[in-house]
Amino acid sequence: MEVGSVLQFLEDKTILVIGATGFLAKIFLEKVLRVQPNIKKVFLLLRARDAESAAHRLHNEILGKDLFNLLKEKMGTNFEPFISEKLTPVPGDISREELGLKNDLILKEEICNQVDVIVNAAATTRFDERYDIALDQNVFGVKQIINFAKQCSKLKVLVHLSTAYVCGEKGGLILESPYNFKDVPGLDIDAEKRLVCDKLDELQKQGATQKQITIAMKDLGISRAKVYGWPNPYVFTKAIGEMLVEEMKGNLSVVIMRPAIVTSTIKEPFPGWVEGVRTIDSLAVAYGKGNLTCFLGNINGVVDVIPGDIVVNAILVAMVAHADHPSENAIYHLCSSLGNPIRYINLQDYAIRYFTSKPWINKDGKPIKVAKVTVFTNMESFRRYLFIHYLIWLKGLELANLAFCKYFERTYQDMNKKIQTVMRLVELYRPYLFFNGIFDDMNTEKLRLAARQGGTETDLFYFDPKVIDWDDYAMNSHLPGIVKYIFK
């Protein structure tokens with residue numbers, strides 16, 4: 001494997017980024033524009049009805065973020081002309097044929113004739129997503145992207161962003177191995193699509209409300225995922241997406257990147273940038289706001305987290321390594337559990353220390369006091385504790401609230417919110433709170449070695465988790481970033 005200079009590779013290249021409003025896609029775009037201003041062009045496929053709407057999304061949902069402040073400072077008054085020259089927002093939809101570009105054949109032809117690299121960052125990442133949406137985005141969207149990529153005459157490499165948790169609930173050492181349909185007996189994506197359509201037709205004939213349809217589609221997604229051995233529709237459909245890549249890629253050079261739990265930036269363009277509540281961050285938010293006093297899980301279990309800029313750097317290096325070099329196993333785990341593991345007990349310690357020294361101020365102007373969370377190792381003890389300490393009192397408070405003309409309404413609502421928050425988080429993350437897998441990153445280690453030996457700018461494109469100081473990162477970058485960008 002040969003890598004060489006990433007900066008030289010990027011010069012005068014044209015890239016198509018699909019799913020450009022996503023967290024990692026934004027970090028990727030900012031990095032490319034900042035370190036290699038001689039990039040030729042970046043097409044950004046955005047879900048939008050027309051060019052004006054796509055341009056609006058580009059400026060408001062991407063360039064308007066703090067993430068681009070360093071680039072703006074660097075470019076000064078040249079920023080807007082630079083952006084106009086380098087970026088082309090493209091209205092489209094990965095769930096439609098030709099990525100929704102059939103009505104603009106000139107633009108489609110321009111992309112197909114110019115693009116050197118495609119980065120597919122499009123996906124719905126909600127654990128409890130509606131099954132119809134998850135299938136359209138994470139499965140059939142991949143099918144449309146592969147078909148489109150085969151029409152790109154200059155294409156050197158396609159990067160497909162997946163997740164390490166396509167492994168489901170497997171334990172032990174999890175290898176960077178491909179997934180194939182033959183490994184999942186009975187799985188037929190067209191049959192799954194028909195199942196969804198039939199269910200939607202049934203619900204509409206019954207006069208179901210949109211809320212009822214959403215609940216039914218979420219329940220269907222969870223049940224179908226569990227039928228085939230995955231805990232939720234997100235990782236299930238992402239696994240199917242990988243299967244489609246393997247089945248359809250043909251002679252394309254395709255790289256599959258599997259990050260674990262992606263967290264805020266550790267270094268670039270500045271430490272601590274984050275957007276949206278990213279899995280374990282929901283625990284930190286709930287804890288800091290005083291809504292998390294008990295939880296379920298293995299407190300000594302390894303939690304695999306990886307900063308977003310490290311993931312993006314690995315994407316860029318892998319892109320160069322596999323350009324015009326198809327490989328049977330170009331799959332990379334971007335993880336920390338093997339080389340530099342961190343445990344849930346460490347996360348608990350960081351949260352206690354941080355929110356004790358810098359408590360969140362509530363809407364009444366009072367600091368939220370936090371304490372050590374009571375952690376249970378099985379569902380039975382967790383439910384018993386919740387019933388004794390909260391549910392009995394909540395029921396009594398509900399009755400008293402009714403008897404005294406809602407005098408205790410605020411207290412009742414606060415307690416009910418805490419219970420609902422805990423139960424929702426437990427239900428969503430239970431498979432991962434007891435997850436006992438460790439992600440092997442042998443392929444990624446080979447990529448790191450090739451980068452060091454091949455003249456890659458490793459100081460600029462760093463992606464070794466072993467150098468992370470978790471204490472410093474958590475206390476000085478990640479938790480401050482959560483408070484700044486997520487807390488509302």
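This is a predicted model: local features need pLDDT of at least 70, side-chain atom pairs count only at pLDDT 80 or more; totals for chains, interfaces and linings use all residues.
Now, what does the Lys-86 side chain meet in a salt bridge? It's Glu-85, with 3.8 Å from N to O. As background, side chains of opposite charge can pair when their charged atoms come close.

Let me stay with salt bridges for a minute. How many are there by the rule used here? The count comes to 27. Another one of them joins Lys-102 and Glu-97, at 4.0 Å from N to O. Lys-102 has 49% relative accessibility, so we call it partly exposed.

Then there's a pair inside a helix. Asp-349 and Arg-353 form a salt bridge, and their closest N and O atoms are 2.9 Å apart. Where do these two lie? Both are in helix α13, residues 344-357, and they're four residues apart, which is about one turn of the helix. If you want the reason that spacing is handy, an α-helix has 3.6 residues a turn, so residues three or four places apart point the same way. Are Asp-349 and Arg-353 buried or partly exposed? Asp-349 is partly exposed, with a relative accessible area of 35%, and Arg-353 is partly exposed too, at 34%. Elsewhere, salt bridges that share partners tie Asp-441, Glu-445, Arg-448, Arg-452, Asp-464 and Lys-466 into one network.

Which strands build it, and in what order? Seven strands form an open sheet, running β3-β2-β1-β4-β5-β7-β11, and the pairing is parallel. At the edges you have β3, residues 87-92, and β11, residues 331-334, each pairing on one side only. On average, neighbouring strands in this sheet are turned by 20° against each other, if you ignore direction.

Strand β2, residues 41-47, pairs with β3 in the parallel sense over six bridges. If you're looking at the model, find Arg-47: it stands opposite Gly-92 in β3. How covered is β2? Six of its seven residues are buried, so the strand is largely enclosed by the rest of the structure. Next comes β1, residues 14-18, which runs parallel to β2 and is joined to it by five bridges. Thr-14 has Lys-41 as its bridge partner in β2.

Now skip ahead to the β7 end. Strand β5, residues 157-161, and β7 pair in the parallel sense over four bridges, and Leu-161 has Met-257 as its bridge partner in β7. Strand β7 itself covers residues 254-259, and six of its six residues are buried.

Next up is a helix, α2, at residues 23-35. Is it enclosed or open? 13 of the 13 residues of α2 are buried, so the helix is largely enclosed by the rest of the structure. At 1.5 Å a residue, its 13 residues should span 18 Å, and the end C-alpha atoms are 19 Å apart, which agrees. Phe-23 is one of the residues in α2, and at 6% relative accessibility it counts as buried.

Phe-23 takes us over to Leu-338. How far apart are they? In sequence it's 315 residues, and in space it's 25 Å, C-alpha to C-alpha. Leu-338 is part of a nonpolar patch on the surface, together with Leu-173 and Leu-175, and the three have about 280 Å² of accessible area together. Leu-175 lies in the loop between β6, residues 172-174, and α8, residues 189-205. With a relative accessible area of 47%, Leu-175 is partly exposed.

Key. Residues are numbered from 1 along each chain as its sequence is written. Side-chain values use heavy atoms; hydrogens and water are left out. Patches are made of residues with over 30% relative accessible area and no salt bridge: like charges are joined within 9 Å, nonpolar side chains (Val, Leu, Ile, Met, Phe, Trp, Tyr) within 5 Å. Accessible areas come from the Shrake-Rupley method with a 1.4 Å probe; for residues, only the protein chains shown count as cover. Buried means under 20% relative accessible area, exposed over 50%, partly exposed in between (1.4 Å probe, protein chains only). The expected span of a helix is 1.5 Å times one less than its number of residues. Two strands pair if DSSP finds at least two bridges between them. Axes are lines fitted to C-alpha atoms, for helices over the stretch in contact, and angles run from 0 to 180 degrees between N-to-C directions.
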